[in-house]
Amino acid sequence: MEGEFLNDSFLEKPMGHHNDGLVTPMLTLYVAVTMIIGTVGNSVTVLVIVSSRKLRTVSNALVASLAVADTASIVTSLPVAYTRYRLPEFYMRHEGLCKLFYYVSLFFIVVSFQHLQVIAVNRYMIITQPRYVYQRYWGRRSTAVVLSVVWSCSAILVCLPLVGFGEIGYVKEIGGCGVLVDGANLSWWYRTTVLISAVESCGIISPLFFVLALMKIRSVTRRLVSSISDYPSLGTTSHRKRGSSRSEIAVTKMVVLTFLCSVVCCSPHIVLHFVSAHNEIDGAVAAFFLIFAFSNGAWNPLIYAGMNTNFRNALSLMVRREKSPADLRY
């Protein structure tokens, strides 16, 4: 029976216990630092949004939900990826835990990818549509429904093997659990379905709506700059549409950078998958790219703090335990 785990099929030999000089200590340090930054950063992101009345918006509800998924992904996926590199024999002896970790890790990754495409659609509508149209489709209830669908559909997709649509088991070549592929089950269809879901969210929907939103921002900015020379008052915030305000443009650029960060983190792992079809890949390199892909959500809080002034202000107020001023704008 041939074992294959989505993009991890490039590992042609057991990962085993490695001791490659500085490679293992550096990899251990990277995992530890990433887990601390990701866990603390995403947890603080949720607390800041919840504690600040002005930040409790639909857009930030999506960001908070993504932060929850990223926190869970970092806590579960990074240790699993690391132990698969260092202690693959553990999963060989405990296949039940091996399968559990597989489902949990894949679930939070799928949830994160689905959040990105929902955020992309949200930013497109808030930038391109009138306020009343945006509020018609993105009210509190409709947003709660969308988030419920994202989490529940992700769980259904990942858990299909539990009802016979595919088979999960220990795969020696990757030092952990993956999809077991042969001609007698539906594992090929399961693996293909998961890959299609990832391509659809990160390769089609998210980039499409982000590009359309950025094109709209560029168009609005050009018209605004052209108009200011003749009518200076048009440059004031009061004469701008909500979607073209500086704050909304800044938030849109922020989430676009978040998406690009995910692409940068995951791309080496995906490229390595295709390159390794005809080339042998070192186990340490493969392990690092896998861990690097799983760590993509750790850097999002740094992007939020670096590109969102109101987020930094709310964080500062929360640390000082002060109430948000009435004029705090988002």
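Leaving aside neighbours within four places in sequence, which residues is I291 in contact with? They are L27, Y30, V31, L78, A81 and Y82, where contact means heavy atoms within 4.5 Å.

Before going on: this is a predicted model, in which local features need pLDDT of at least 70, side-chain atom pairs count only at pLDDT 80 or more, and totals for chains, interfaces and linings use all residues. Residues are numbered from 1 along each chain as its sequence is written, and side-chain values use heavy atoms, with hydrogens and water left out.

Now the core. I291, W138 and F210 touch the most other members of the largest nonpolar core, which has 53 residues. By nonpolar core I mean a set of buried Ala, Val, Leu, Ile, Met, Phe, Trp, Tyr and Cys residues joined through side-chain atoms within 4.5 Å. Buried is under 20% relative accessible area, exposed over 50%, and partly exposed in between, with a 1.4 Å probe and protein chains only. A second, separate core of 21 residues includes Y102, L106, V110 and V179.

On to the rings. There are 12 aromatic pairs in the structure. Rings of Phe, Tyr and Trp (its six-membered ring) pair if their centres lie within 6.5 Å; planes under 30 degrees apart count as stacked, over 60 as edge-to-face and the rest as tilted. Y102 and Y103 pair edge-to-face, at 5.6 Å centre to centre with 75° between the planes. Y102 is buried at 4% relative accessible area, and Y103 is buried at 14%. F108 and W151 are also edge-to-face, at 6.4 Å and 80°. F108 counts as buried at 14%, while W151, at 23%, is partly exposed.
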